[in-house]
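Dear colleague,

Please find below the structure that I am handing over to you. My findings follow directly after it.

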Amino acid sequence: MDYAVHDKTGLNKTTNNLFKLKMDNVKNLSVILKVLNFKEIATCFVSTNGLKVVVEDSKCIQVSAYISSNVFQELHVKENEQITFRIDLSTMLECLTIFDHCSSVPGLTTALMMSYQYEGAPLKMILEENGIITDCLLKTMNADDILDFHFPTNSEINKIIVLANDFKEIFNDLDTSTDYVELFLSPEPPYFVITTHGLCGECQVNIPQNCDMIELFECKLDTKSRYKYPHFKAAIKPLSVSAKVAIRISEEGLLCLQFMLHTEDKQICYIEYYCVPVVDDDEEY
């Protein structure tokens, strides 16, 4: 059965797929998905707005990548539908990067066509580079409910925007033997403090509000929250490909990091990271 669908230009087309997308440079997608690959299984959402890929761990963290429709050269989706499925992200990345480091021609890119015919069908990916074509079929699974981290604006009490490169250096210097990372924010000095407790003892990083790496500093109240280091570490990979990071903390200590990054074609995409705080040594929020 054919479906009448809309592409991103608003033109009607006919296809027997639930969705079909094309992009001229697969790295615009693979580079983003690599930072989500701290867990194997991802949930994918496809709509006329674009592609959203979500990875969760232990009901404590959630990392989502948003690839808007303007990143794709074509995006056709069954009308008024959001297509949802789960997939093995590691296997998907192996397919998307199959031509990496294979070309001897500078500047050559790999084109991608991806389609999904019906619920439970395999995800079809066709990659083409310099006339060489690879056809991949990936098993899909029905999507489970994902965590709903609701972050209403009125519950946001502290927000900071920092340059990612400088903030990444701080992340890289954190004591990896620590169990927890503590974030302290205040409208008064010392403003922003990151604390770890590891084999070398207590380590603190003080970040003043007027330092070069901070673009925006809005703190209403003192907050101090702890997060498990293995969960916090999942935010390091997005930092490596980002330009800026918005740090938001709610009254309950829910941490949200919003990463802004540019694709190879200079399109803007976003990665969003949520992490629940540790209430005590055995219980999480």
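Strand β5 (residues 50-57) and strand β6 pair in the antiparallel sense over eight bridges; two strands count as paired if DSSP finds at least two bridges between them. Helices (H or I, at least four residues) and strands (E, at least two) are DSSP runs, numbered from the N terminus. The model is a predicted one, in which local features need pLDDT of at least 70 and side-chain atom pairs count only at pLDDT 80 or more, while totals for chains, interfaces and linings use all residues. Residues are numbered from 1 along each chain as its sequence is written, and side-chain values use heavy atoms, with hydrogens and water left out.

Lys59 is exposed, with a relative accessible area of 67%; exposed means over 50%, buried under 20%, and partly exposed in between (1.4 Å probe, protein chains only).

Strand β6 (residues 61-68) is mostly covered, with six of its eight residues buried. Six bridges join β6 to strand β21 (residues 268-275), and these two strands run antiparallel. Ala65 has Ile271 of β21 as its bridge partner.

Lys266 lies in the loop between β20 (255-262) and β21, and has a positive phi of about 70° although it is not a glycine. Lys266 is exposed, at a relative accessible area of 68%. Pro277, in the segment after β21, is buried, with a relative accessible area of 5%. From Pro277 to Glu182 the distance is 9.4 Å, C-alpha to C-alpha, while 95 residues separate them in sequence.

An open sheet is formed by four strands in the order β16-β15-β14-β18, with antiparallel pairing. Strands β16 (201-207) and β18 (223-228) stand at the edges with a single partner strand each, so one side of each is left without a neighbour in the sheet. From one strand to the next, the twist averages 20°; axes are lines fitted to C-alpha atoms, for helices over the stretch in contact, and angles run from 0 to 180 degrees between N-to-C directions. Strand β15 (residues 192-198) pairs with β16 in the antiparallel sense over seven bridges, and His197 stands opposite Glu202 in β16. In the loop between β14 (180-185) and β15 lies Pro190. The peptide bond from Pro189 to Pro190 is cis, with omega near 10°.

As to the helices, the axes of α1 (residues 27-34) and α2 (residues 89-96) come within 10 Å and cross at roughly 145°. This crossing is left-handed, a term that applies if the near helix is turned anticlockwise from the far one by less than a right angle (right-handed if clockwise). Leu29, Ser30, Leu33 and Lys34 of α1 make the contact with Leu89, Met92, Leu93 and Leu96 of α2, where contact means heavy atoms within 4.5 Å. These residues divide into six nonpolar, one polar and one charged. Here Ala, Val, Leu, Ile, Met, Phe, Trp, Tyr, Cys and Pro count as nonpolar, Asp, Glu, Lys and Arg as charged, and the others, Gly among them, as polar.

Helix α3 (residues 164-172) has Ala164, Phe167, Lys168, Ile170 and Phe171 as its buried residues. Seen down the axis of α3, they fall within an arc of 160°, so they line one face of the helix; the arc is that of the directions from the helix axis to the C-beta atoms. Their cover includes β13 (156-163), β15, β16, α4 (229-232), α5 (236-240) and β19 (244-250).

Arg248 is found in β19 and counts as buried at 9% relative accessibility. Residues up to four places away in sequence aside, Arg248 touches Phe151, Glu156, Asn158, Lys159, Leu254, Leu255, Cys256, Gln258 and Glu272.

For the protein chain as a whole, the secondary structure comes to five helices and 21 strands. Of its 285 residues, 48% are buried. Among contacts with a separation of 6 or more, 63% are between residues 24 or more positions apart.

Yours sincerely
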